Amino acid sequence: MPMIAFSTIKGGVGKTTLCVHVASALADSGHRVLLMDLDPQAHASMVLGLEPAEAPCVADTFGPRPRHKLDDVVVASPKRPNLFIARAQPRMAAMERELFQWGHRLQAIPRALKTLSWTPDVIIADTPPNLGAYTEAVLHFADVVVAPVPTGAFALQGLGEIETAWRDTREEGGQLVAVVNLWDRRTTATNDAMDAALKESTVPVLRARIPRSEAINQAGLGYEVVFDTSPSAPGVEELRELAKELARRAGLR
Ligand code: ADP
Ligand code: MG
């Protein structure tokens, strides 16, 4: 049961967008996917069809005396079969401070998974744009950590920090990879500078590059995935390719 996580300390670079699309694509290809939403903003939970509501959340399964089993938290996405969600809640921001006091916090995810009565084929995690307790727990456990880098002059800002944190936090093994998002093939000077910088970086870059796509942006604004709103729009093919590439890296069959 590999875990693929989307993480970098920069916000607005596409963590949540890539996360929900990879989760949806893998569910569409028949894998039983558990999405763990570890960002208190809960955008991934909402995009996959959960309304804001008082309900147990993923962080209720963490800590020395967890309030809930993961079985009590996980719900099926109303939007597609094979996709299950351990939702986030805004109150997770305050709960994170308590988690910091807990000596086993790096083990939060595997401990929570022991309270799930079935085994997903793959776990996909979204994280907040910081190096708090949720992100640390993810970096420690994830088999593949994906850091989106937005095309532009500041593309690699934040990649160094996540790399250092990942090296300090991870268990044995595991991979950290970058994926280019918001790609615009016309900005050649910027692209050349970005390619040169990525070549210098010790973080491998995935083959799939996700273009800046108005359809992806519009889908996000409506809390939808582009596969459902504009299935042949620019970017759709690349998102599905990204999911396949990550599945291979994670050893998912
Ligand atoms: P993060 O989770 O890193 O903060 P988001 O996934 O929320 O970033 O993306 C930030 C904004 O950029 C959102 O409005 C989202 O819809 C938009 N966005 C992300 N990726 C793309 C893309 N490839 N094309 C167009 N808009 C995108
Ligand atoms: Mg996000």
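**A helix pair, the overall fold and two residues**

Let me start with helix α1, residues 15-28, and helix α11, residues 236-249: their axes come within 9 Å and cross at roughly 75°. With that angle, α1 is roughly perpendicular to α11. On the α1 side the contact is made by Leu18, His21, Val22, Ala25 and Leu26, and on the α11 side by Leu239, Arg240, Leu242, Ala243, Leu246 and Ala247. Sorted by type, the residues of this contact are 9 nonpolar, 1 polar and 1 charged. Please keep in mind that this is a predicted model.

Now the whole chain. The protein has 11 helices and 8 strands. How does its radius of gyration compare with the globule rule? The value is 17 Å, close to the 18 Å that the rule gives for 253 residues, so the protein is as compact as a globular protein of that length. Along the principal axes, the C-alpha atoms fill a box of roughly 55 × 40 × 35 Å. Of the 253 residues, 46% count as buried. If we take the contacts with a separation of 6 or more, 78% of them are between residues 24 or more positions apart.

On annotation, the unreviewed UniProt entry lists residues 3-164 as "domain: AAA". In the model, that stretch is 33% helix and 17% strand, and its end C-alpha atoms lie 20 Å apart.

Next, two single residues. Isoleucine 210 sits in strand β8, residues 205-211. Is isoleucine 210 buried or exposed? There are 25 other C-beta atoms within 10 Å of isoleucine 210, and the cut-off for buried is 20 or more, so this residue is buried. Leaving aside residues up to four places away in sequence, isoleucine 210 touches Leu18, Val179, Val180, Asn181, Trp183, Gly235, Glu238, Leu239 and Leu242. Isoleucine 210 and valine 236 are 26 residues apart in sequence, with their C-alpha atoms 8.6 Å apart in space.

The other residue is glutamate 172, in the loop between α7 (159-169) and β7 (175-183). Glutamate 172 has 4 C-beta neighbours inside 10 Å, and therefore counts as exposed.

Terms used. Residues are numbered from 1 along each chain as its sequence is written. Chains are lettered from A and ligands numbered from 1 in the order in which they are written. This is a predicted model: local features need pLDDT of at least 70, side-chain atom pairs count only at pLDDT 80 or more; totals for chains, interfaces and linings use all residues. Axes are lines fitted to C-alpha atoms, for helices over the stretch in contact, and angles run from 0 to 180 degrees between N-to-C directions. Helices (H or I, at least four residues) and strands (E, at least two) are DSSP runs, numbered from the N terminus. Angles under 35 degrees count as roughly parallel, over 145 as roughly antiparallel, 65 to 115 as roughly perpendicular and the rest as oblique. Two residues are in contact if their C-beta atoms, placed from the backbone, lie within 7 Å. Ala, Val, Leu, Ile, Met, Phe, Trp, Tyr, Cys and Pro count as nonpolar, Asp, Glu, Lys and Arg as charged, and the others, Gly among them, as polar. The radius of gyration is taken over C-alpha atoms; the globule rule is 2.2 Å times the number of residues to the power 0.38. A residue is buried if 20 or more other C-beta atoms lie within 10 Å of its own, exposed if 12 or fewer, and partly exposed in between; C-beta atoms are placed from the backbone. UniProt positions are given in the numbering used here, feature names are shortened, and annotations may be inferred rather than shown by experiment.
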